[in-house]
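Hi everyone, thanks for coming. Let's take a short walk through a structure that may be new to you, so please have a look at it first.

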Amino acid sequence: MALTTRGGGGGGDPPQAPPAPDASLGFLTKRDTEVKLPRATRVKNKTPASVQITAEQILREARERQEPEIRPPKQKITDIHELADYRLRERKRFEDLIRRVRWSVSAWVKYARWEEGQKDFARARSVYERALEVAHRDHTLWLKYAEFEMRNRYVNHARNVWDRAVMLLPRIDQLWYKYIHMEELLGAVANARQVFERWMSWRPDIAGWNSYIKFELRYGEVERARAIYERFVAEHPRPDTFIRYAKFETKRGEVERARRVYERAADLLVDDEDAEVLFVAFAEFEESSREVERARAIYKYALDRVPKSRAEDLYKKFLAFEKQFGDREGIEDAIVGKRRFQYEDEVRKNPLNYDSWFDYIRLEESVGNKDRIRDVYERAIANVPPAEEKRYWQRYIYLWINYALYEELDAQDMERTRQVYSLCLKYIPHKKFTFAKLWLMAAQFEIRQKNLKAARRILGNAIGMAPKGKIFKKYIEIELYLGNFDRCRTLYEKYIEWSPANCYAWRKYAELEKNLSETDRARSIYELAIAQPALDTPEVLWKEYLQFEIDENEFDSARELYERLLDRTKHLKVWISYAEFEASAGLGEDGGSEENKNDVDYQEQQMERVRRCRAVFERAFDYFRTSAAELKEERAMLLEEWLNKEVSFGDLGDVTLVQKKAPRKVKRKRPLPTEDGSTIAYEEYIDYIFPDEVALAPNLKILEAAYKWKKQKTDDD
């Protein structure tokens, strides 16, 4: 009976094309076919409901309402014909299945297990063989095949399957384990050992060797296990394999054998990245054997050879060991070793962190081992700053300084100290920057060694390569102390030639000549100095030059200097200093005694000084009134100084002369400008109104009248 299906299939009429749409109805648009979901309404009442429903309650109700599972009815086979039909149908189903999914291993396994369930082992074996033609690289298929043979006690068949499997897939450890397990279950120890040997020829990983050793130990074959261990450590020369071998010997009481194993490992794996684990295990072995000195020697040997970055656990174990078995000195050594490890880790992470190097060096200096100290210094100074900028070199250069001081003061090695200074001066890029402190320390070291020629050579090189003011000062100080005045003059000339704007150099040079009573030389130096186009502190230089002329009683030269200074600047302090000079010029130490006061010449001299001083003040006042009218505060300060000076003259002074010119203080306001130019605030300031300005400004007459009226009213009250 033929079955027909809609849209075509097996028999029946061929499929018909769908009818054309009716033009009168038109075509459906996307808008007509769009599914319109209900519009989401906003919840207005957000208060919790009186009855709360939990997720557990929802799941429980869903489970209760679930319909029962539909299971096919059980089929009972009553005779041989029904069994044959059943087997035919099932085989056809399985064949159809593997024809569709030929690559599916699970389909083949289900087919074979069904045949096994039907006790048709030949067919089941045939199915497995057919499956292996499709997926012979799938080790699970081999496992299922071999387990099938083992379940049904086909031992030779199982061996055949295992042999084929391990030959085809020798890197799958599970196949070897299962094969050996089967032989052990059958009691065929020799066969199992033979399988192990075949496996070991493929050089498996550590787990395979361990399983072989455990196999031999299960049957009491200690010598065989030892031989396997020898092959094992030769194949895998690693700390954990040697440790396992040594523990095997220790467990059997073979202490000497275990020690030899550890010694072989220590010689062979001293540079291994896991050497720390090996040495810790070796030391713990000796410690358990009551060999304390051996254990301490192993720890020290390891600490000298294992890199500090990988020796953290080693330091901890050593510290714990010394606390248990060592004395005070040993404990301190262990603590120093731990701190040494911390510093090594810091300088390894950041070798340009010079503070860590300083701490590390301080630690080694506290221990006192010269070789270690020098080694750390050499490693530290090898980390040259990456950029030639002075800010990067400032901490680095102190490493060299400390190194040189250590060699000189602690190690007492003067030749090595000299080499340190020399190397450091070669490393510094003097064309870009220099360190005067280092040049001076090198020269002072040579002076302490009574080698004045070498010190002069160092300072001369410093002046020639990288001159600095500090070097000139110290060099001149040394030569001055030795009394070499000609050398001092030469150095001052080079100093001034290098920095002609440096007033300190000019002043000290002139001071040297003045102390040597070379007045003309000193005056010439001062003249050259003030003739320079630019000076850093010219006011100090002029002040010293003026004081020099005054000390030499050259008052006319001093007046000429003041006039030359006023040609350059008319600062208020210059005018006041000039007036002070005129007020005290020619006044000796006994000028104010009672005997001189009655002398006619002295009185005339006093009047002349007052006249000259008053003339300077009048010139200054005229300058500030005419040429610098905006400097009202300076003019007021000048009048204040003038008034004090007139008071100090006593009977010779004329206070009214100054009071007539005294200004009046007035508080005023002025706007504070902002960035956009608008005025939003005012500030108060003190303004000075001078009498001559009132006479010149008619607009200020009203203010003057108001001021007089207020003063009169105050007097009447």
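Let's start with helix H7, residues 155–168: its 14 residues reach 20 Å from the first C-alpha to the last, close to the 20 Å expected at 1.5 Å a residue. That expected span is 1.5 Å times one less than the number of residues, and helices here are DSSP runs (H or I, at least four residues), numbered from the N terminus.

Before going on, a word on what you are looking at. This is a predicted model, in which local features need pLDDT of at least 70 and side-chain atom pairs count only at pLDDT 80 or more, while totals for chains, interfaces and linings use all residues. Residues are numbered from 1 along each chain as its sequence is written, and side-chain values use heavy atoms, with hydrogens and water left out.

Back to H7. Which of its residues are buried? They are Ala158, Val161, Trp162, Ala165 and Val166, where buried means under 20% relative accessible area and exposed means over 50%, with partly exposed in between (1.4 Å probe, protein chains only).

How confident is the predictor? pLDDT, its confidence in each residue from 0 to 100, averages 83 over the protein chain, and 87% of the residues score at least 70. Confidence is highest in H7, at 94, and lowest in helix H31 (residues 594–597), at a mean of 54. Over residues 1–27, pLDDT stays under 50. Where pLDDT is low, the predicted coordinates should not be read in detail.

Now to helix H33, residues 632–648. Its 17 residues should span 24 Å at 1.5 Å a residue, and the end C-alpha atoms are 25 Å apart, which agrees. Among the buried residues of H33 are Leu638, Leu639 and Trp642, and also Arg635, Lys645 and Glu646. Just after H33, glycine 650 takes a positive phi of about 75 degrees.

One last stop: lysine 110, in helix H4 (residues 105–117). Is lysine 110 buried or exposed? Lysine 110 is exposed, with a relative accessible area of 55%. Its C-alpha atom is separated by 8.5 Å from that of phenylalanine 94, 16 residues apart along the chain.

Definitions and conventions: Helices (H or I, at least four residues) and strands (E, at least two) are DSSP runs, numbered from the N terminus. pLDDT is the predictor's confidence in each residue, from 0 to 100. Contact means heavy atoms within 4.5 Å.
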